[in-house]
Amino acid sequence: MRLPLLLLLLGSCALLGCTNVNVALNSPDVPLESRARNHTRATTGGEVSPPQTQPSAPNISADVTAPVRVVPDDDGYFVGLALSGGGSRSANFSAACMFELQRLGILRHVDYISSVSGGSLTAAFYCLSDDAQWNPGEAQRRLTHPFATDLIIKFLMPWNMIALLVSDFDRSDLLADSFKDNVFTRDGHQLTYADLRQDRPRLLINATDLQSGRGFIFCDETFDQLNSDLSKYPICYAVAASAAVPVVMHQVTLRDYSTIFKQFRHLVDGGVSDNLGISSLVETYEAQLVSAEKAQRSDPYPNGALFIVLDARTRFDARLDDKGDVGVVEGLVAGAGLTSSQLLSRVSTATMADIIVRYSPGEVTAGQLRQQIAQLEKEGYLELRDQHGHRVVVVHLALSHAADLKNTPSPSFFERLNNIATYFNISEVEAASLYQAATLLVREQFEPRLLPLARELESGAPPR
């Protein structure tokens, strides 16, 4: 009986283990000009550069006579929401902030959500849920699930251990499976990009191309380049790719079906290239404006743009001050945590500064740019004019700003927030603290500025 059972297990492993889960959109024999294209709610509205060598962001040098694939909302504003990386800490902090934005009447005006790592859990959950499913209770139940514990349990299951040894089945498959079981399954159906709701923002989940080190967006335009059907791609794998921390997790692999030759894309955590998810939003906005100008079409966003960044970064603290000596394992964990935290913090800070510099008008001086960057870092709010003369508002709602809160529940409140690790496990106490922090941050520091923006979006007219 043991031999047939082993053969059955090995056969199951062969079925489970596959290099990629994406499927072809067109036969390679179909001429390029006749090929079908993707049409999901995950779209930048413009062309993208080939994902092998260039970032998969809108290519503003593409054929500008082609029609923009996204019809802008009729309010005249580009409203983008960026959700940072940070494991379950980011997933819950982002959800808490989004419920506050919903209360203020801003969330329903969001056109695009761009997300990284843990933020992608929340972004995808929102874009797949109707109003009955999107509520604080349901979000808290789903987003506090111990995904990391699931990963360990699944890893130790005998059939999975065999699959991990004899097939392409890997740790990211296990993480994607946990995401699927606990967040991205409905009525027994695994949710794919075809299930994104028409009444939700367009979803841009960000990863990093391991070969080039550049950003990779899960969107129609990128999958068109790969000749792959995005509508059939499981959302859980896009989120797993966005959260695939190098070394800790295995890369998520996509097959390039644009050729008959076996070519693949290997994707890791989006935080490596942009831990805030803001670059995809800004490049999408810029690409659509440039495309409209060159093709002499009407301005899609005459009222300008609003970018809201939900940033769940904290200051790393390994909590080693009470130890005279540190073991090998604990030292490795602390060193890895310090390295990744510092790297992501620098990437995030550089990204915000780069966006201000890159898209400011040419006549802005270096001193003015430094002043704008400092203001955004200090106040979390900035108004400026872009190269097209449009008014642009940036709201940086960062968890680190909780250190400046006046009405905290306890003197150690910020220290408690700062000690929430960047993992896909979170305790109820930690999650509750994140919801408290989001509520206090919005109502104490940001609401006076967000309320006029909400009224402006509702009326469809900027202030004079």
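Q: At what angle do helix 2 and helix 4 pack?
A: Quick ground rules: this is a predicted model in which local features need pLDDT of at least 70 and side-chain atom pairs count only at pLDDT 80 or more, while totals for chains, interfaces and linings use all residues. Numbering starts from 1 along each chain as its sequence is written, and side-chain values use heavy atoms, with hydrogens and water left out. Helices are DSSP runs (H or I, at least four residues; strands are E, at least two), numbered from the N terminus, and axes are lines fitted to C-alpha atoms over the stretch in contact, with angles from 0 to 180 degrees between N-to-C directions. For helix 2 and helix 4, the axes lie 10 Å apart and the angle is about 175 degrees.

Q: Is helix 2 roughly parallel or antiparallel to helix 4?
A: Under 35 degrees counts as roughly parallel, over 145 as roughly antiparallel, 65 to 115 as roughly perpendicular, and the rest as oblique. With that angle of about 175 degrees, helix 2 is, relative to helix 4, roughly antiparallel.

Q: Which residues of helix 4 meet helix 2?
A: Contact here means heavy atoms within 4.5 Å. Helix 2 brings Ser88, Ala91, Asn92, Ala95 and Phe99. By class, this contact has six nonpolar, two polar and no charged residues (Ala, Val, Leu, Ile, Met, Phe, Trp, Tyr, Cys and Pro are nonpolar, Asp, Glu, Lys and Arg charged, and the others, Gly among them, polar). On the helix 4 side, the partners are Pro136, Ala139 and Leu143.

Q: How many residues of helix 3 are buried?
A: Helix 3 runs over residues 118-128, and its buried residues include Gly118, Phe125 and Tyr126. The rest of the structure largely encloses helix 3, so the count is eleven of the eleven.

Q: Is asparagine 227 buried or exposed?
A: Asparagine 227 lies in the loop between helix 8 (220-225) and helix 9. Its phi is positive, near 55 degrees, in a residue other than glycine. Its relative accessible area is 2%, so asparagine 227 is buried.

Q: What is the relative accessible area of aspartate 187?
A: Aspartate 187 also has a positive phi, about 55 degrees, without being a glycine. Its loop joins strand 3 (185-186) and strand 4 (189-190). Aspartate 187 is exposed, at 80%.

Q: How far apart in space are aspartate 256 and asparagine 22?
A: Aspartate 256 belongs to the loop between strand 7 (252-255) and strand 8 (264-269), and it is buried at 6% relative accessibility. Beyond its neighbours within four places in sequence, its contacts include Gln225, Leu226 and Arg265. Aspartate 256 and asparagine 22 are 234 residues apart in sequence, but C-alpha to C-alpha the distance is 9.0 Å.

Technical notes. Buried means under 20% relative accessible area, exposed over 50%, partly exposed in between (1.4 Å probe, protein chains only).
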